[in-house]
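Welcome! Please have a look at the sequence and the 3D view before reading on.

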Amino acid sequence: MEITLVKTTKPKPKPDPEKLGFGRVFTDHMFIWDYSEGKGWHNPRIVPYGPLEMDPACAVLHYGQAVFEGMKAYKAPDGRILLFRPEQNMARLNRSNARLSIPQFDEELALQAIKQLVALERDWIPTAPGTALYIRPFIIATDNILGVRPSSSYKFIVILSPVGAYYEEGLNPVSIYVEPYYVRAVRGGTGFAKAAGNYAGSLLAQKNAQAKGYSQVLWLDGIERRYVEEVGAMNVFFNIGGELITPDLGDSILPGVTRDSILQLLRSWGVPTVERRLSVDEVFEAHAQGRLVEAFGCGTAAVVSPIGRLGYREQVIEISGGKIGELTQRLYDTLTGIQTGKLPDPFGWVVEIDI
Ligand code: PLP
Ligand code: COI
């Protein structure tokens with residue numbers, strides 16, 4: 001299937017690379033791919049970035065049948081344009097589709113479209129440390145019918161945004177509030193999928209935590225509200241006595257590409273790692289015993305984000321003296337080094353766009 005191209009006649013000025021923030025500015029073009037029953041996925045095209053026209057009855061506006069992904073493109077010092085394990089994002093998007101009753105798409109073609117779009121927008125890729133071109137593929141239900149049922153038409157869209165740090169704190173440690181009541185995901189729910197509604201449901205706890213002076217929440221499990229699941233929209237690791245512990249995957253945890261890459265890196269360095277249930281009590285006990293060495297969140301947007309302070313009910317603890325931990329820093333340097341083509345890529349994670 002050929003991807004058609006309509007170029008913009010009004011290219012926008014590029015933003016100041018010092019003031020990017022996260023996801024505020026978008027490039028000149030976007031990719032759109034339509035689905036309708038009978039025809040399947042058709043008419044893949046790159047067109048000028050701009051508003052979508054929608055009927056007010058459009059299904060996604062009412063019942064949130066929508067999924068998305070997050071990935072990044074980098075420009076290496078030698079000018080090569082690099083993606084990081086993009087096939088993982090395409091596979092996860094199709095798994096999200098399956099959970100949300102959205103039809104499967106051809107992962108090869110989607111990745112080809114992303115490569116073409118990024119190649120077209122190569123001048124938008126920022127190169128300062130900590131910056132990248134964020135890639136946001138998403139799929140929305142577009143039937144104009146208010147019945148609650150899977151849509152028979154969809155749009156697969158990709159937009160691009162030059163980004164800096166995800167958190168205002170950058171790589172500085174953030175304060176995290178252990179959410180005792182609200183949960184992000186439940187057994188049998190949609191937590192393992194990147195479903196739009198998961199994020200809508202997380203906002204109230206985030207807002208409450210921010211009102212208490214924290215940046216984000218640590219989510220506990222939906223049954224006993226005892227076991228650690230994720231931090232904000234990131235996976236989470238704790239270094240307890242030199243062993244790196246992350247919650248094992250289930251249907252309430254998003255299987256992060258960064259999480260998986262960190263596990264592989266740690267194993268290759270000979271650092272003991274374990275994927276298992278971890279209660280918040282165990283984390284606080286480890287701290288009381290002086291065994292909680294470091295804690296961090298990880299995801300595409302922030303790569304790693306150290307946790308400097310953790311508040312749970314009446315208790316507040318400081319981790320790593322409020323500084324970034326040694327392994328956290330090493331993971332950040334290694335991952336960003338591989339992603340930006342500045343370090344060797346022993347795992348074959350990096351995919352060059354040579355269009
Ligand atoms: N957990 C949630 C809920 C997320 O939204 C994300 C972001 O994509 C992650 C974890 C981290 O996943 P990844 O490392 O693939 O970006
Ligand atoms: C991540 O990439 O780590 C994210 O959490 C993406 C976020 C903007 C939803």
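The briefing below visits two ligands and then two individual residues. Please keep in mind that this is a predicted model.

**Ligand 1**

- Lys 194 places a polar side-chain atom 2.4 Å from an oxygen atom of ligand 1.
- For Tyr 199, an N or O atom of the side chain is 2.5 Å from an oxygen atom of the ligand.
- Thr 258 also takes part, with a polar side-chain atom lying 2.6 Å from an oxygen atom of ligand 1.
- On its own, ligand 1 has 380 Å² of accessible area, and the protein covers 96% of it.
- The space that ligand 1 takes up is the largest pocket.

**Ligand 2**

- Around ligand 2 you will find a set of residues that includes Phe 22, Phe 68, Tyr 134, Arg 136, Tyr 166 and Tyr 199.
- Ala 233, Met 234, Gly 299, Thr 300 and Ala 301 are also among the residues surrounding ligand 2.
- A backbone N or O atom of Ala 233 is 2.6 Å from an oxygen atom of ligand 2.
- Thr 300 has a backbone N or O atom 3.3 Å from an oxygen atom of this ligand, and a polar backbone atom of Ala 301 lies 2.8 Å from an oxygen atom of ligand 2.
- Taken alone, ligand 2 exposes 280 Å², of which the protein buries 89%.
- The space taken by ligand 2 is, again, the largest pocket.

**Arg 45**

- Look for Arg 45 in strand β3, which covers residues 40–48.
- Arg 45 counts as buried because its relative accessible area is 17%, under the 20% cut-off.
- The side chain of Arg 45 reaches the backbone oxygen of Asn 43 at 2.8 Å.
- Leaving aside residues up to four places away in sequence, Arg 45 touches Ile 3, Thr 4, Met 30, Phe 31, Ile 32, Asp 34 and Lys 155.

**Gly 290**

- Gly 290 sits in the loop between α7 (280–288) and β15.
- Gly 290 is exposed, because its relative accessible area is 63%, over the 50% cut-off.
- Gly 290 and Ile 240 are 50 residues apart in sequence, with their C-alpha atoms 9.0 Å apart in space.

Terms used
Residues are numbered from 1 along each chain as its sequence is written. Chains are lettered from A and ligands numbered from 1 in the order in which they are written. This is a predicted model: local features need pLDDT of at least 70, side-chain atom pairs count only at pLDDT 80 or more; totals for chains, interfaces and linings use all residues. Side-chain values use heavy atoms; hydrogens and water are left out. Helices (H or I, at least four residues) and strands (E, at least two) are DSSP runs, numbered from the N terminus. Buried means under 20% relative accessible area, exposed over 50%, partly exposed in between (1.4 Å probe, protein chains only). A polar contact is a pair of N or O atoms within 3.5 Å; within protein, one must be able to donate a hydrogen and the other to accept it, and residues adjacent in sequence count only if both atoms are side-chain atoms. Contact means heavy atoms within 4.5 Å. Accessible areas come from the Shrake-Rupley method with a 1.4 Å probe; for residues, only the protein chains shown count as cover. On a 1 Å grid over the protein atoms alone, a cavity is a set of points where a 1.4 Å probe fits but cannot get out, and a pocket is an open set with protein on both sides within 12 Å along at least five of seven lines; lining residues have an atom within 4 Å of a point. A molecule sits in a cavity or pocket if more than half of its atoms lie within 2 Å of its grid points. A residue is near a molecule or strand if one of its heavy atoms lies within 4 Å of it.
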